[in-house]
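Trainee: I would like a close look at a single part of this chain. Please keep the answer in one piece.

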Amino acid sequence: MKSFLGISASKPKHSPLAGSGSFRVQAAEINPQKISRHEWWLWFSALLVTVLSAVAFLLSSIHSFFRHADYFYEIRSDQARWATLCLILIFNAWLVYRQWSFRRLRRQSTEQPLDSQALSQQISEVAGLDPVTGLYTRSSLEQHLGKEVARARRQNTALSLATVHVDEFAHLSARYGKPAVDAALKELGRRLKKASRGSDIAARLGDDDFLLLLPECGVNEVKQVLNRLGAVEVSSSGQKIPLNFTTGWVDYQPGDLPADLLKRAADLLHLYDTAAHDSFSTTLAPH
């Protein structure tokens, strides 16, 4: 497989620029033991309040404690009983609310494994990561690109965007199915992160388009990074799925804005897509 740069993807070359990156999203889990511990303390509080309320009622029946009521701060025995009753009612309302909240948490803890995949996808999207490959999304890439363009302009350093376009993506999905193609894309994402240096950013722009943001990276370094991708082939349901892709690059020119770089990269990816579509249509056309 030849790339836009004339690089053979089947013979990866190792380079001292090799690096790795990992993007992990951990979903917070509800701990049933913690819920049980809080519930135990709730029942302990209920028992303590019951005992104290019984003592208060018992003391309010002793008239020797309420001989005088000459001043406003001196209460009668019936007022003490009514005050204790009101406090018990307020506590019971709080007790019912806490019991309802504990039941809701227990229900969520039992339903969480069923929705773990959807939850992981939601968390990935919030974190700016693609749920399939673990790479950055376009919005996250744009934030990093703005910072790197400003640094390249300020320090007069090189900056490149390497493009990776998966060939015949729709045909692969129709032939092997989405789960199998997702597994192949996940492997491609792993290769992109492994080929990246510590300062590089790997992102997925769309279904079949990927970008590598390469600060302080000229054409020779871009070739070395893309050489490390190698040929991608995964096995799924007894079938080997080859993932062919086309690579290229655009570099920062003095005065470029982040939108200018992204537009040139998008034009290059669109060129790949059009060429691959025309080639595939010609292959299927009758002779």
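Leaving aside its neighbours within four places in sequence, which residues is R191 in contact with?

Mentor: This is a predicted model, in which local features need pLDDT of at least 70 and side-chain atom pairs count only at pLDDT 80 or more, while totals for chains, interfaces and linings use all residues. Residues are numbered from 1 along each chain as its sequence is written, and side-chain values use heavy atoms, with hydrogens and water left out.

R191 is in contact with L229, G230, A231 and V232, once neighbours within four places in sequence are set aside; contact means heavy atoms within 4.5 Å. R191 sits in helix α6, residues 178-195. Helices here are DSSP runs of H or I with at least four residues, strands are runs of E with at least two, and both are numbered from the N terminus. R191 counts as buried because its relative accessibility is 18%; buried means under 20% relative accessible area, exposed over 50%, and partly exposed in between, with a 1.4 Å probe and protein chains only. The side chain of R191 also makes a polar contact, at 2.9 Å, with the side chain of E187. A polar contact is a pair of N or O atoms within 3.5 Å; within protein, one must be able to donate a hydrogen and the other to accept it, and residues adjacent in sequence count only if both atoms are side-chain atoms.

As for the setting, the chain has eight helices and six strands, arranged along the sequence as α-α-α-α-β-α-α-β-β-α-β-β-β-α. Of its 287 residues, 36% are buried. Among contacts with a separation of 6 or more, 73% join residues 24 or more positions apart.

The chain also holds an open sheet of four strands in the order β2-β3-β1-β6, with antiparallel pairing; two strands pair if DSSP finds at least two bridges between them. Its edge strands, β2 (201-204) and β6 (245-251), each pair on one side only. Strand β1, residues 159-166, is joined to β6 by seven bridges, and the two run antiparallel.

To return to the residue you asked about: R191 is a buried residue of helix α6, with a side-chain polar contact to E187 and contacts to L229, G230, A231 and V232 beyond its neighbours within four places in sequence.
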